[in-house]
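Please take me through this structure, one selection at a time. I have it open in a viewer and would like to know what to look at and what is there.

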Amino acid sequence: MARVYVAVERGDEAMRLYAVKRLHPHLRDDPRARRTLFDEARLAGNVDHPNVLRVHGTGKDTDGAYLAMDYVDGVSLAELYGAVKRVDEEMPLQVCVDVTRQIALGLHAIHDQGGGLLVVHRDVSPHNVLIDFHGRARIADFGIAKPLPGANDEGRAETSTGVLKGKVGYMSPEQLRFESPDRRADLFALGVVLYELLAGRRLYHGSDGAEGARRIL
């Protein structure tokens, strides 16, 4: 849906880096895509936690709507895991446990945002966890996050019925059954991530998404 760029805010004495998410040009004037971007900012912007990527807000300029976030000097958990695999090594146990602990803390903050808003991330995976070079993990990408039924979610864009959103290998059974997920779906995905880090291989995989979905179900 979008690309992420590095932007520089030029101050009087220092320059600060931000990550700026912009819709692809063909979606720039699509009201549904813009609404999704603004929903992501609203849900992520309610969370102030060291293990959740901070979103500063949205804006619009000559290139269209954008979402401004903290810039993380590091790599995704998927890139870190892939680099370890390429040298035929294993992720150290203490690293696996500490990263999982940090993700769990971030998810708790996402789930209980206060103000009556209960949110499920729905896309917990190694690709959506950023690790900086100090070892801090941050959950990113609220693109398909969703308030729980009954939450104070006026103004939220509707989710398409019968459409799977997320990465199949990390989805909970209820998501694959098109049921309304709660916070346990994110914990299921976190367990799958932990297994992958410890075992050095995917838990639910296959030649296509359907095979992985059948194994989960």
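Select residues 183-199, which form helix H5 in this predicted model. With 17 residues at 1.5 Å each, helix H5 should span 24 Å, and its end C-alpha atoms lie 25 Å apart, so the two values agree.

Next, within H5, colour Ala185, Asp186, Ala189, Leu190, Val192, Val193, Glu196 and Leu197: these are the buried residues of the helix. They sit on the same side of H5, because they cover an arc of only 160° around the axis. An α-helix has 3.6 residues a turn, so residues three or four places apart point the same way.

Now show what covers that buried side. Among the elements over the buried residues of H5 are helix H2 (77-86), helix H3 (93-111), strand S6 (119-120) and helix H4 (173-176).

Step past the end of the helix to Gly200, which follows H5 and has a positive phi, near 75°.

Then move to the largest pocket, which holds about 530 Å³ of space. To find its centre, select Val4, Met69, Leu130, Ala140 and Asp141, the nearest to that point of the 28 lining residues.

Which strands each supply at least two residues of this lining? Select strand S1 (2-10), strand S2 (15-23), strand S4 (64-70) and strand S5 (74-76). S1 gives the largest share, five residues.

Last, colour the lining of the largest pocket by class: 14 residues are nonpolar, six are polar and eight are charged.

Notes:
Residues are numbered from 1 along each chain as its sequence is written. This is a predicted model: local features need pLDDT of at least 70, side-chain atom pairs count only at pLDDT 80 or more; totals for chains, interfaces and linings use all residues. Side-chain values use heavy atoms; hydrogens and water are left out. Helices (H or I, at least four residues) and strands (E, at least two) are DSSP runs, numbered from the N terminus. The expected span of a helix is 1.5 Å times one less than its number of residues. Buried means under 20% relative accessible area, exposed over 50%, partly exposed in between (1.4 Å probe, protein chains only). The arc is that of the directions from the helix axis to the C-beta atoms. Contact means heavy atoms within 4.5 Å. On a 1 Å grid over the protein atoms alone, a cavity is a set of points where a 1.4 Å probe fits but cannot get out, and a pocket is an open set with protein on both sides within 12 Å along at least five of seven lines; lining residues have an atom within 4 Å of a point. Grid points are joined across faces, edges and corners, and a volume is the space filled by probe spheres set on the points. Ala, Val, Leu, Ile, Met, Phe, Trp, Tyr, Cys and Pro count as nonpolar, Asp, Glu, Lys and Arg as charged, and the others, Gly among them, as polar.
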